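Please keep the sequence and the coordinates at hand while reading.

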Amino acid sequence: MNQFAIQAIQVGSCIGKNNILKNVSFDVCRESLTSILGPSGSGKTTLLNTIAGFQPVCKGELYINGKLVNRKGFTVAPDKRNVGMVFQDHALFPHLTVYENIRTGLKTNTSSDNHLKRLIKKLHLSHLVNRHPHELSGGQQQRTALARALVADPDVLLLDEPFANLNQDLQIEVGIELVDILKQQKTTTIMVTHDQNDAMAISDHIVMLMDGTDIQSGSPDSLYHKPSTREVAAFISRGSFIKARCINQHKAETPLGTINIDLAHTSDVESGDCVDIWLHPEDVQIDAENGRCVDILQQSWRPLDLLIKVRIDQNNEILMKADQQFRARQSEKLQIKLNEHVTYSAFSGT
Ligand SMILES: Nc1ncnc2c1ncn2[C@@H]1O[C@H](COP(=O)(O)OP(=O)(O)OP(=O)(O)O)[C@@H](O)[C@H]1O
Ligand SMILES: [Mg+2]
């Protein structure tokens with residue numbers, strides 16, 4: 001049996017005369033959770049609609065469980081794909097209660113009633129079953145739509161921004177419950193999100209989509225530590241670029257000393273060339289004895305740490321992390337260095 005639940009091969013899709021998906025290729029392993037991540041307008045919803053069968057392709061091929069479902073001029077109907085979808089706008093039936101809405105997802109009337117009750121409990125909907133959609137908050141509607149899709153036990157589940165309307169506490173709680181349900185049901189899932197933290201927290205695999213094209217896919221760890229472009233780096237995590245000069249293919253001189261670099265995604269860089277190095281805030285450390293003196297520009301406290309923006313010189317302002325006990329005022333000086341055990345991603349200088 002084919003190990004992939006979904007295979008997209010150079011898929012393109014047009015709406016009217018607009019080429020929305022230009023060239024998208026990726027594989028989704030069975031029973032895995034893949035996130036499609038990308039900025040607003042990059043084509044995420046269009047890609048889900050294509051996989052669900054609502055949107056034809058104008059080039060390339062799409063396979064579900066090894067079976068061709070899309071090619072130019074050929075589309076297998078949505079109800080013949082065993083694919084469930086939770087839409088960005090939920091699409092609940094307004095005249096049905098929460099319970100009745102979820103029940104419409106059941107394939108037979110009797111067999112899965114226990115499953116339905118378990119899902120209602122897990123998705124925190126027990127106290128809402130008799131309400132109608134207009135009596136629910138956005139997050140409650142979203143959880144109802146999730147339950148309706150899950151109760152059908154589809155081979156592939158497509159989720160469009162499933163956490164968009166949930167507050168932060170519920171995002172974490174529903175996220176954990178959802179992953180639990182998906183693993184139990186062995187459901188292959190593709191989740192669309194513009195939230196990097198959601199994608200990093202729960203995905204096995206991430207596909208980065210920009211302007212209708214996949215520009216990098218891999219594990220959350222590989223996208224975080226080895227971004228293929230400066231756009232991916234800046235989209236996936238907070239951080240800063242610092243100017244540097246290449247010493248050779250593995251080392252560069254920065255205003256904060258010599259560091260190890262990875263030029264895997266940058267071609268034609270030679271010794272002496274300028275490169276931009278991507279720094280994660282956690283790789284910048286305070287070193288009161290040997291660190292370089294920099295100016296503190298801004299500080300922002302967050303629940304677990306403190307993010308500080310500092311100026312090294314005219315060309316370089318970077319973000320760094322400190323623990324919450326750290327106290328300094330804006331315009332004070334600080335001595336910092338870079339973690340020498342990290343290999344930093346380098347991109348052609350701008
Ligand atoms: N029916 C349509 N007619 C014309 N253009 C469309 C249509 N639907 C979407 N588009 C365009 O296609 C592009 C991709 O839209 P899509 O909804 O797939 O983006 P998205 O990545 O899901 O964005 P968001 O994060 O805002 O939901 C956008 O530029 C959008 O304006
Ligand atoms: Mg969308």
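A residue is called buried if 20 or more other C-beta atoms lie within 10 Å of its own, exposed if 12 or fewer do, and partly exposed in between, with the C-beta atoms placed from the backbone. The model to which this criterion is applied here is a predicted one. Lys67 has 11 other C-beta atoms within 10 Å and is therefore exposed. This residue belongs to strand S5. Between the C-alpha atoms of Lys67 and Gln171, which are 104 residues apart along the chain, the separation is 34 Å.

Strand S4 (residues 59-64) and strand S5 (residues 67-71) are antiparallel and pair over 4 bridges. Within this pairing, Leu62 has Asn70 of S5 as its bridge partner. The two strands make a hairpin with 2 residues between them, and Asn65 in the turn adopts a positive phi of about 45 degrees. S5 also runs antiparallel to strand S6 (residues 74-75), to which 2 bridges join it.

The surroundings of the ligand come next. Around ligand 1 there are 14 residues, of which Ser40, Gly41, Lys44, Thr45 and Thr46 are the closest. Strand S2 (18-29) and helix H1 (44-52) are the elements that give two or more residues to this shell, and H1 contributes the most, with 3 residues. By residue class, the shell around ligand 1 comprises 2 nonpolar, 11 polar and 1 charged.

How is helix H1 itself placed? Of its 9 residues, 7 are buried, so H1 is largely enclosed by the rest of the structure. The buried positions in H1 are Lys44, Thr46, Leu47, Leu48, Asn49, Thr50 and Ile51. Just after the helix, Gly53 takes a positive phi of about 100 degrees.

Attention now turns to the interior. In soluble globular proteins, nonpolar side chains tend to be buried together. In this model, the largest nonpolar core has 83 residues, and Ala147, Leu158 and Ile277 touch the most other members. Helix H4 (residues 138-151) supplies the largest share of this core, 6 residues. Because domain 1 (4-230) and domain 2 (238-348) both give residues to the core, it lies between them. For Ala147, the contacts beyond its neighbours within four places in sequence are with Ile102, Leu119, Ile120, Leu123 and Leu125.

The domain assignment divides the protein into domain 1 (4-230) and domain 2 (238-348). Their C-alpha centres lie 37 Å apart. At the boundary, 5 residues of domain 1 are in contact with 7 residues of domain 2. On the side of domain 1 that touches domain 2, the residues divide into 1 nonpolar, 2 polar and 2 charged.

Technical notes: Residues are numbered from 1 along each chain as its sequence is written. Chains are lettered from A and ligands numbered from 1 in the order in which they are written. This is a predicted model: local features need pLDDT of at least 70, side-chain atom pairs count only at pLDDT 80 or more; totals for chains, interfaces and linings use all residues. Domain bounds come from an automatic or database domain assignment. Two residues are in contact if their C-beta atoms, placed from the backbone, lie within 7 Å. Ala, Val, Leu, Ile, Met, Phe, Trp, Tyr, Cys and Pro count as nonpolar, Asp, Glu, Lys and Arg as charged, and the others, Gly among them, as polar. A residue is near a molecule or strand if its C-beta atom, placed from the backbone, lies within 6 Å of it. Two strands pair if DSSP finds at least two bridges between them. A nonpolar core is a set of buried Ala, Val, Leu, Ile, Met, Phe, Trp, Tyr and Cys residues joined through C-beta atoms within 7 Å.
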